[in-house]
Amino acid sequence: MLSPQWIKERVLSALPGAEVEVVDTTGTNDHFQARVVSEQFAGLPMVRAHQLVYAPLKDVLATGELHALALKTYTPDQWAKVKP
């Protein structure tokens, strides 16, 4: 069974040093929302930044164990301008 912490650890394995927050949006452990802040997104289009986050989760996306992951990706500079 997936958990926000498990997804966070997977994302951090691919994006060391990132700030990752994951929330289970339905309570069913298969629909999540994540905010990822990483320097590695600098200069990348949003689609490429999302691909970097999805990459370490390919296996659970392929099996359907992870049904949905809504992403918000930012560089640290972008996040500093929009964070609440």
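Q: What does the accessible surface of the protein chain come to, and what share of it belongs to carbon and sulfur atoms?
A: The surface comes to about 5000 Å², and carbon and sulfur atoms hold 54% of it. Accessible areas come from the Shrake-Rupley method with a 1.4 Å probe, and for residues only the protein chains shown count as cover. Please keep in mind that this is a predicted model, in which local features need pLDDT of at least 70 and side-chain atom pairs count only at pLDDT 80 or more, while totals for chains, interfaces and linings use all residues. Residues are numbered from 1 along each chain as its sequence is written, and side-chain values use heavy atoms, with hydrogens and water left out.

Q: What makes up the pattern of the protein chain, read along the sequence?
A: The pattern is α-β-β-α-α-β-α, built from 4 helices and 3 strands. Helices (H or I, at least four residues) and strands (E, at least two) are DSSP runs, numbered from the N terminus.

Q: Why does the radius of gyration of the protein chain agree with that of a compact globule?
A: The rule for a globule is 2.2 Å times the number of residues to the power 0.38, with the radius taken over C-alpha atoms. For 84 residues this gives a value near 12 Å, and the chain has 12 Å, so the two agree. Along its principal axes, the C-alpha trace spans about 35 × 25 × 20 Å.

Q: Why does His 50 count as buried?
A: Buried means under 20% relative accessible area, exposed means over 50%, and partly exposed is what lies in between (1.4 Å probe, protein chains only). His 50 has 15% relative accessibility, so it counts as buried. This residue lies in helix H2. Of the 84 residues of the chain, 33% are buried as well as counted by this rule.

Q: What is His 50 in contact with, leaving aside its neighbours within four places in sequence?
A: Its partners are Leu 71 and Thr 73. Contact means heavy atoms within 4.5 Å.

Q: Which residues have the most contacts inside the largest nonpolar core?
A: They are Val 11, Leu 15, Val 36 and Leu 66, in a core of 19 residues. Helix H1 (4-14), S1, S2, helix H2 (46-54) and strand S3 (68-74) each give two or more residues to this core. To be called a nonpolar core, a set must hold buried Ala, Val, Leu, Ile, Met, Phe, Trp, Tyr and Cys residues joined through side-chain atoms within 4.5 Å. Leaving aside neighbours within four places in sequence, Leu 66 is in contact with Leu 2, Ile 7, Asp 30, Phe 32, Leu 57, Val 60 and Leu 61.

Q: Why does Ala 14 count as partly exposed?
A: Ala 14 reaches 33% relative accessibility, which puts it in the partly exposed class. Ala 14 is found in helix H1 and touches Gln 40, Leu 52 and Pro 56, not counting residues up to four places away in sequence.

Q: How many positive and negative side chains does the protein chain have?
A: There are 8 positive and 9 negative side chains, and the centres of the two sets lie 7 Å apart. Lys and Arg count as positive and Asp and Glu as negative, while His and the chain ends are not counted. Each charge is placed at NZ of Lys, CZ of Arg, CG of Asp or CD of Glu.
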